[in-house]
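Me: Could you help me learn to read a protein structure, feature by feature? I would like the general idea and then the case at hand.

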Amino acid sequence: TQDGPAFQPYLEVEFPPGFYVGAWLSNVDFGDDTDSLETDLYIGFRGTTAGVNYDVKYYRYFYDETGYCCGEIEAIAEFLIVGPLMGSAGYYSYLNSNYAVSAGLGLELPGEFVLSGLYKTDTIENTWDIGVSRYITDTIWADLRYYDASYADPTTVVSLNWDTDWESVFAEK
């Protein structure tokens, strides 16, 4: 968004035992007066086995003006390393000859803060981030994160996130 704010709502529906479908939107600004909206549609399966959380998903994204689109498959596993230290590993297929892999760490800190970082690489570029996040309520959390990439200038992002379910918002009290 050319360092401007982004609004990124999503809607996701889950079906037992772990299937889900969803849509995600974001305003975009690439500085060339073309696209202003990205839409991602996705389907996936997530769960836990032997203490490992996993998520496998296919998504397809579209841009409003140029019509540019692509699809990706991603598989991510999260696991406990020791004590408060978590790890993650990911594989991303861009459905052409290119793919990426990632590795991440997360550490629970005092005061319910979480320090985390992720490194992702493919045959063209490398990206990484490090940041700290904390839940403010059961459904709202804040994140301060530094991003860097081999193809772009580094940036720092502050985000405020709200995530809830239908029953929590619309259930009779």
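Me: Which residue lies over the face of Tyr-92?
Reply: Let's begin with the general idea: a charge sits over a ring if NZ of Lys or CZ of Arg is within 6 Å of the ring centre and within 35 degrees of the ring normal. Here Lys-120 lies over the face of Tyr-92, at 3.9 Å from the ring centre. Arg-134 lies over the face of Phe-113 in turn, at 5.5 Å from the ring centre.

Me: What should I know about the model before going on?
Reply: This is a predicted model, in which local features need pLDDT of at least 70 and side-chain atom pairs count only at pLDDT 80 or more, while totals for chains, interfaces and linings use all residues. Residues are numbered from 1 along each chain as its sequence is written, and side-chain values use heavy atoms, with hydrogens and water left out.

Me: How do I read the strands, and what order do they have in the sheet?
Reply: Strands (E, at least two residues) are DSSP runs, numbered from the N terminus, and two strands pair if DSSP finds at least two bridges between them. In this model an open sheet of eleven strands has the order β1-β2-β3-β4-β5-β6-β7-β8-β9-β10-β11, with antiparallel pairing. Its edge strands are β1 (10-15) and β11, each of which pairs on one side only. From one strand to the next, the twist averages 15 degrees; for such angles, axes are lines fitted to C-alpha atoms, and the angles run from 0 to 180 degrees between N-to-C directions.

Me: How many bridges join β2 to β3?
Reply: Nine bridges join these antiparallel strands. To see one of their contacts, find Phe-19, whose bridge partner in β3 is Phe-45.

Me: How many residues lie between β9 and β10 in their hairpin?
Reply: Four residues lie between β9 and β10. Strand β9 (residues 126-135) and strand β10 (residues 140-149) pair in the antiparallel sense over nine bridges, and Tyr-135 stands opposite Trp-141 in β10. Moving on, β10 and β11 form a hairpin with two residues between them. Nine bridges join β10 to strand β11 (residues 152-162), again antiparallel, with Tyr-146 opposite Thr-156 in β11.

Me: How many aromatic pairs are there in the whole structure?
Reply: The idea is that rings of Phe, Tyr and Trp (its six-membered ring) pair if their centres lie within 6.5 Å; planes under 30 degrees apart count as stacked, over 60 as edge-to-face and the rest as tilted. A search of the whole structure finds ten such pairs. In one of them, the ring centres of Tyr-20 and Tyr-42 are 6.0 Å apart and the planes stand at 65 degrees, so the pair is edge-to-face. Tyr-20 belongs to strand β2 (residues 19-27) and Tyr-42 to strand β3 (residues 37-49), 22 residues apart, so the pair links distant parts of the chain.

Me: Is Tyr-20 buried or exposed?
Reply: Buried means under 20% relative accessible area, exposed over 50%, and partly exposed in between (1.4 Å probe, protein chains only). Tyr-20 has a relative accessible area of 1%, so this residue is buried. Tyr-42, at 11%, counts as buried too.

Me: Which residues do ring pairs link into a cluster?
Reply: The cluster consists of Phe-30, Tyr-59, Tyr-61, Tyr-63 and Tyr-68.

Me: What is a salt bridge, and how many does the structure hold?
Reply: Side chains of opposite charge can pair when their charged atoms come close. The cut-off is a side-chain nitrogen of Lys or Arg within 4 Å of a carboxyl oxygen of Asp or Glu. The structure holds six salt bridges. One of them joins Glu-14 and Arg-46, with the closest N and O atoms 3.4 Å apart. Glu-14 lies in strand β1 and Arg-46 in strand β3, so this pair ties together parts that are 32 residues apart in sequence. Glu-14 is exposed at 55% relative accessibility, whereas Arg-46 is partly exposed at 25%.

Me: Which salt bridge joins Asp-143 to its partner, and how far apart are N and O?
Reply: Asp-143 meets Arg-145 at 3.0 Å, N to O, and both residues are buried. Elsewhere, salt bridges that share partners join Glu-12, Glu-14, Arg-46 and Asp-55 into one network.

Me: Where is the cis peptide bond?
Reply: Look at the bond from Pro-16 to Pro-17, which is cis, with omega near 5 degrees. Pro-17 lies in the loop between β1 and β2.
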